[in-house]
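Subject: Structure handover

Hi,

Here is the structure for you to look at. My notes follow below it.

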Amino acid sequence: MSEPCGHIDFYPNNEGIEEASHVLVACNHVRAIKLFIESINSKCSYVAHKCNSYQNFLQGKCFLCKENDTGCAIICLNTVRPNHAPGSKYFITTGKDTPYCRRQYKVMLDLAKPPRAESWVQGFMKVSLHSDNGVIRNLDLTPNGYERMEHGTSRSFVVTHPDDIGQVKRVEFYWEYNMDVLQPRSICFFWCNDHLYVSSIGVTEAEDDGNRGKRGIQVDTKLCSQGPREYADIASRTSAVFIDKCEDQELLN
């Protein structure tokens with residue numbers, strides 16, 4: 001069922017809603033039971049975000065849980081009903097296998113627009129997150145296909161991983177341009193520029209405080225490119241490194 005009907009309605013991975021709208025298939029009810037059982041004793045909290053669509057959730061538009069923001073609810077035995085009117089939808093992304101619970105990271109890209117940049121490019125992106133506690137490698141920002149990126153704008157992506165590595169100190173960003181024969185303007189050989197220009201990358205992990213029903217501190221990090229310019233010039237199929245020394249970088253510039 002796509003329409004909310006309970007006191008509070010959770011949609012893990014948008015389970016079956018989009019598929020069921022096109023073909024006669026059932027949602028994965030067995031998975032729902034497994035998620036609920038695991039949530040009872042899991043040290044990792046199943047934090048779902050109130051949002052009007054799963055797509056907006058994945059784009060980071062419903063990521064904050066603080067008061068006066070979008071609001072969140074935790075899937076557990078004693079779920080606390082948030083102060084929202086009936087009919088709200090709460091989305092969460094889980095793993096394919098047990099343990100299903102995942103830490104959620106919001107990655108925001110601020111794109112530069114130098115004179116030589118195309119107005120837009122499309123392609124695939126991955127990030128590796130480094131902290132003092134470890135590294136998460138090759139998080140896919142475009143698992144469902146290429147994304148169109150408008151230079152001079154900002155874009156956000158929500159990605160998940162089993163590990164909580166704490167505050168991110170370094171990001172490796174990978175870019176690969178995509179040429180689509182069905183879109184002639186995307187075909188790029190000698191007469192266009194397939195580079196992506198990134199000013200900075202923001203990473204936010206919403207940490208749980210262990211009090212099943214409340215959220216803890218939002219861990220935010222802004223990372224900037226190394227080098228003399230205020231942005232990273234990233235050619236197709238190459239990577240760029242961003243570090244959490246934006247203030248130092250601004251002084252150098």
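The notes cover salt bridges and then a surface patch.

This is a predicted model: local features need pLDDT of at least 70, side-chain atom pairs count only at pLDDT 80 or more, and totals for chains, interfaces and linings use all residues. Residues are numbered from 1 along each chain as its sequence is written, and side-chain values use heavy atoms, with hydrogens and water left out.

**Salt bridges**

The structure holds five salt bridges (a side-chain nitrogen of Lys or Arg within 4 Å of a carboxyl oxygen of Asp or Glu). One of them joins Lys-169 to Asp-132, with the closest N and O atoms 3.1 Å apart. This pair links distant parts of the chain, 37 residues apart. Lys-169 sits in strand β10 (residues 168-177) (strands are DSSP runs of E, at least two residues; helices are runs of H or I, at least four). Asp-132 lies in the loop between β6 (120-131) and β7 (134-140).

Asp-132 is exposed at 66% relative accessible area, while Lys-169 is partly exposed at 27% (buried is under 20%, exposed over 50%, partly exposed in between; 1.4 Å probe, protein chains only).

Glu-150 pairs with Arg-148 at 3.2 Å between the closest N and O atoms. Glu-172 meets Arg-170 at 3.4 Å, N to O.

**Nonpolar patch**

Ile-33, Phe-36, Ile-37, Ile-40 and Leu-77 form a nonpolar surface patch (residues with over 30% relative accessible area and no salt bridge; nonpolar side chains are joined within 5 Å, like charges within 9 Å). Together they have about 470 Å² of accessible area (Shrake-Rupley, 1.4 Å probe). Phe-36 is in helix α2 (residues 29-41). Phe-36 is partly exposed, at 36%.

Best wishes
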